[in-house]
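What follows is meant for someone who is meeting this structure for the first time. Please keep the sequence and the model in view while reading.

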Amino acid sequence: MAEDTRKQQLLELFTTITNKKTIVEPMRKVHGTLRDRDAVEREIALIMREILDRGYFKTKLAPRQLAKLVVAYYDGKNDTEIARALGDEKLSKTVARARVRLKLFRELDFKMPFDQAEMAELLDSGKTMKEISEELDISPSTLREYRHVIDQQRDTTLDPFLERIRDVMEDRDLSEMMTRGVANDGLSEAIDITEAIDMGEF
């Protein structure tokens with residue numbers, strides 16, 4: 001009841017004290033800037049298409065799948081969950097490699113059972129991957145995964161594209177914060193009612 005009373009008070013402020021146009025139009029503008037998940041994925045997919053077309057990135061995943069990967073990563077999904085969202089849990093390793101290529105690192109990526117500097121020195125020594133893996137007491141496939149992480153961490157080729165992707169995600173986060181803020185303040189319903197009044201529906 002208290003919440004309903006507060007919303008009614010807000011509505012009265014909107015409709016009697018303040019000119020409706022000065023309230024409704026800015027809020028419509030705010031609503032227009034809020035992008036849904038599909039729009040965010042489409043925008044990221046376009047950036048992914050640029051990366052793939054330039055040959056900077058080799059993967060079996062399509063641009064839209066890569067976009068879904070990015071959004072899911074920011075939502076806190078692990079590689080298996082992301083692969084499942086893409087329709088095939090068996091894609092988890094493909095997802096992991098693509099994620100690392102896009103510098104979407106996890107803490108676990110850097111939990112290596114040896115010093116990174118030691119591995120770098122061995123890689124520069126001219127020894128084969130098999131010899132290095134035996135010296136580090138890990139499998140060659142695990143060594144390749146660790147090497148992939150270090151190589152991508154140092155590679156700056158995709159940085160301009162990744163910066164654009166981060167901007168898209170930051171815009172999404174800001175939009176979600178704005179939406180939550182409006183909802184938490186109890187303004188959403190009042191805004192909708194005010195817009196309806198402005199359109200002559202009441």
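This is a predicted model: local features need pLDDT of at least 70, side-chain atom pairs count only at pLDDT 80 or more; totals for chains, interfaces and linings use all residues.

Residues are numbered from 1 along each chain as its sequence is written, and side-chain values use heavy atoms, with hydrogens and water left out.

**The chain as a whole**

The chain contains 11 helices and 0 strands, where helices (H or I, at least four residues) and strands (E, at least two) are DSSP runs numbered from the N terminus. Of its 202 residues, 34% count as buried, a word that stands for under 20% relative accessible area, with exposed meaning over 50% and partly exposed lying in between (1.4 Å probe, protein chains only). The accessible surface of the chain comes to about 12400 Å², and 50% of that surface belongs to carbon and sulfur atoms; such areas come from the Shrake-Rupley method with a 1.4 Å probe, and for residues only the protein chains shown count as cover. Contact here means heavy atoms within 4.5 Å, and among the contacts between residues at least 6 apart in sequence, 69% join residues at least 24 apart.

**How the helices pack**

Two packed helices are described by the angle between their axes and the distance between the axes. The axes are lines fitted to C-alpha atoms, for helices over the stretch in contact, and the angles run from 0 to 180 degrees between N-to-C directions. Angles under 35 degrees count as roughly parallel, over 145 as roughly antiparallel, 65 to 115 as roughly perpendicular and the rest as oblique.

| Helix pair | Axis distance | Crossing angle |
|---|---|---|
| α6 (residues 92-101) and α9 | within 9 Å | roughly 25° |
| α4 (residues 63-74) and α6 | 11 Å | about 80° |
| α8 (residues 129-136) and α9 | within 9 Å | roughly 95° |

With their axes coming within 9 Å and crossing at roughly 95°, α8 and α9 form a pair that is roughly perpendicular. Their contact brings M129, I132, S133 and L136 of α8 to P140, L143, R144 and R147 of α9. By class, these residues divide into 5 nonpolar, 1 polar and 2 charged, where Ala, Val, Leu, Ile, Met, Phe, Trp, Tyr, Cys and Pro count as nonpolar, Asp, Glu, Lys and Arg as charged, and the others, Gly among them, as polar.

Helices α4 and α6 are likewise roughly perpendicular to each other. On the α4 side the contact is made by L66, L69 and Y73, and on the α6 side by V95, A98 and R99, a set with 5 nonpolar residues, no polar ones and 1 charged.

Helices α6 and α9, in turn, are roughly parallel to each other. Here R97, V100 and R101 in α6 meet H148, V149 and Q152 in α9, and the contact has 2 nonpolar, 2 polar and 2 charged residues.

**Helix α9 and H148**

Helix α9 has 15 residues and reaches 21 Å from its first C-alpha to its last, close to the 21 Å expected at 1.5 Å a residue; the expected span is 1.5 Å times one less than the number of residues. The buried residues of α9 are L143, Y146, H148, V149, I150 and Q152, and what covers them includes α6, α7 (116-123) and α8. H148 itself is found in this helix, which covers residues 140-154, and counts as buried because its relative accessibility is 11%. Leaving aside neighbours within four places in sequence, H148 is in contact with R97, V100 and R101.

S92 is found in helix α6 and, at 21% relative accessibility, counts as partly exposed. Not counting residues up to four places away in sequence, S92 touches D79, T80 and A83. Although S92 and D79 are 13 residues apart in sequence, their C-alpha atoms are 5.4 Å apart in space.

R106 lies in the loop between α6 and α7 and is also partly exposed, with a relative accessible area of 22%. Its contacts, leaving aside neighbours within four places in sequence, are with Y73, K77, N78, D79, I82 and R99. R106 and Y73 are 33 residues apart in sequence and 9.6 Å apart in space, C-alpha to C-alpha.
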